[in-house]
Amino acid sequence: MPAQPFTALAIGEAIRRGELDPVALTRQCLTRATDSDAVFISLTEQRALVEAEACAERQRSGTLRGPLDGVPLAWKDLFDIAGTATTAGGKVLGKTPAERDAEAVRHTAGAGMVCIGKTNLTEIAYSGLGLNPHYGTPHHTPPPTSSEHESRNENAPRAPGGSSSGSAVAVAQGIVPAAIGTDTAGSLRVPAAFNGLVSYRPSQARHSRLGVTPLADSLDTIGVIASTLEDCLAIDDTMRGSAPLVRAAAVPEQSVIVLDASCLDDPRVSRAVGDNLEACASRLRDAGFRIVRRRVASVADTLEAITRHGWMGAAEAYTEYRALLEGPDAEAMDPRVRKRLEAARQMPPDSVVSLYRLRQALKTRLREELAGATLLTPTVAHVAPLLAPLEADPEHFAEVNLATLRLSMVASLLDSPAVALPSGRDDDRQHTSLQLSGPCGEDEALLRVALGASSALTA
């Protein structure tokens with residue numbers, strides 16, 4: 001591994017300077033992946049070594065393809081990779097190997113990135129907690145502390161967050177510097193939040209999802225989990241087939257951040273999440289950002305619409321997988337996932353239509369309310385929950401799953417670009433997270449502010 005921080009851009013720079021052998025790095029990543037527990041569903045060892053050796057040749061000849069040439073990358077097992085099955089985290093799909101790479105995979109390969117393998121996830125990406133009875137559940141526990149006040153829960157296994165569980169844990173455990181996931185109701189942001197990582201949920205139109213197994217077509221988007229926002233954005237550009245842009249962080253004096261007071265006043269937001277968010281807001285204010293604390297009505301109205309009508313993604317997921325539910329393979333599914341799918345059978349058609357109509361009105365209202373500002377909220381209302389109770393009690397699982405996704409659903413329903421950043425830890429040393437988001441399609445404006453905020457918070 002390189003001496004500098006294990007980030008995608010640092011690795012790419014070390015390869016460019018000739019200080020890092022991409023083949024040796026790839027072998028180390030593959031070894032770590034093999035030794036990990038339930039993080040990967042499959043490895044693409046032969047492909048990875050061929051790609052690394054091609055990078056090494058370009059390194060020797062001075063013809064590297066860009067700043068990410070030779071950088072290892074892992075993919076959530078919803079993305080087609082030629083010659084491998086796309087399992088979607090289950091045992092009933094992906095019985096035939098994919099004939100070609102998904103569009104995003106093809107673009108990163110063209111930039112020289114090295115495909116290590118396919119990561120674990122909740123079956124068909126339908127949970128915010130990341131449990132998987134078929135391939136095991138990956139979990140990442142913070143390292144032990146020598147503090148005399150150590151909590152008995154501090155080192156107990158925690159839910160990894162979902163549905164992009166393996167992607168987040170692969171980064172958190174240092175197997176790869178970045179991994180790709182999807183987000184329908186929070187499946188990038190929740191695992192990033194639980195594991196102290198960074199993620200970027202792009203507006204849907206930013207990416208092609210060709211070759212990606214769907215959950216809910218109107219809500220699905222693809223994105224990156226990494227340890228830095230700079231890595232997320234460089235890889236995001238690459239997945240679109242573009243050279244990574246050099247973005248200038250927003251000048252703080254010109255940046256207004258609206259802290260949604262209703263979220264912080266909500267008793268469902270844990271003390272640690274709220275306190276750490278307040279502390280981060282104070283630091284951003286000290287760095288020159290203008291922090292405005294007020295209630296954002298469109299956020300409250302979106303939450304109320306979901307509570308009243310249900311989740312639009314549930315209706316779309318049921319429609320997507322109805323044939324599977326009614327076929328002989330249904331019993332082979334994760335019963336927690338199957339139960340959620342079947343529950344959507346009873347969703348009234350007028351609720352579904354109401355959600356589609358309200359979605360457009362709420363997107364417009366959010367844009368008007370923010371008026372060029374950036375929205376600041378918690379990413380998740382609580383830290384990673386203990387794993388054992390979730391596995392033991394299906395009702396507890398269902399309750400915690402909905403609580404976990406409640407806040408992240410807002411950006412998903414409104415197709416808001418959103419960035420999740422670590423905000424601190426609680427008394428058990430579990431990670432908390434904040435989210436910066438903006439109106440649909442205003443990704444670049446959000447990213448300039450988020451880069452400035454990330455820099456201020458890590459200074």
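1. A word on the ground rules. This is a predicted model, in which local features need pLDDT of at least 70 and side-chain atom pairs count only at pLDDT 80 or more, while totals for chains, interfaces and linings use all residues. Residues are numbered from 1 along each chain as its sequence is written, and side-chain values use heavy atoms, with hydrogens and water left out.

2. Let's start with the whole chain. It has 17 helices and eleven strands (DSSP runs numbered from the N terminus: H or I of at least four residues for helices, E of at least two for strands). The radius of gyration is 21 Å, close to the 23 Å that the globule rule gives for 459 residues, so the chain is as compact as a globular protein of that length (the radius is taken over C-alpha atoms, and the rule is 2.2 Å times the number of residues to the power 0.38). The C-alpha trace spans about 60 × 60 × 50 Å along its principal axes.

3. Buried residues account for 59% of the 459 in the chain (buried is under 20% relative accessible area, exposed over 50%, partly exposed in between, with a 1.4 Å probe and protein chains only).

4. Volume here is the space filled by probe spheres set on the points, with points joined across faces, edges and corners.

5. The largest cavity has a volume of about 110 Å³. Of its 15 lining residues, L375, T377, L407, V410 and Q435 lie nearest the centre. At least two lining residues come from each of β9 (374-378), α16 (408-413) and β11 (431-437).

6. The second largest cavity has a volume of about 70 Å³. Its lining includes Y126, T184, W311, R340 and M409.

7. Finally, take a look at T137, which sits in the loop between β3 (114-119) and α5 (165-172). T137 counts as buried because its relative accessibility is 12%. A polar atom of the T137 side chain lies 2.9 Å from the backbone nitrogen of N132. Beyond its neighbours within four places in sequence, T137 is in contact with A38, G130, L131, N132, P160, L387 and E391 (contact means heavy atoms within 4.5 Å).

Notes
A polar contact is a pair of N or O atoms within 3.5 Å; within protein, one must be able to donate a hydrogen and the other to accept it, and residues adjacent in sequence count only if both atoms are side-chain atoms. On a 1 Å grid over the protein atoms alone, a cavity is a set of points where a 1.4 Å probe fits but cannot get out, and a pocket is an open set with protein on both sides within 12 Å along at least five of seven lines; lining residues have an atom within 4 Å of a point.
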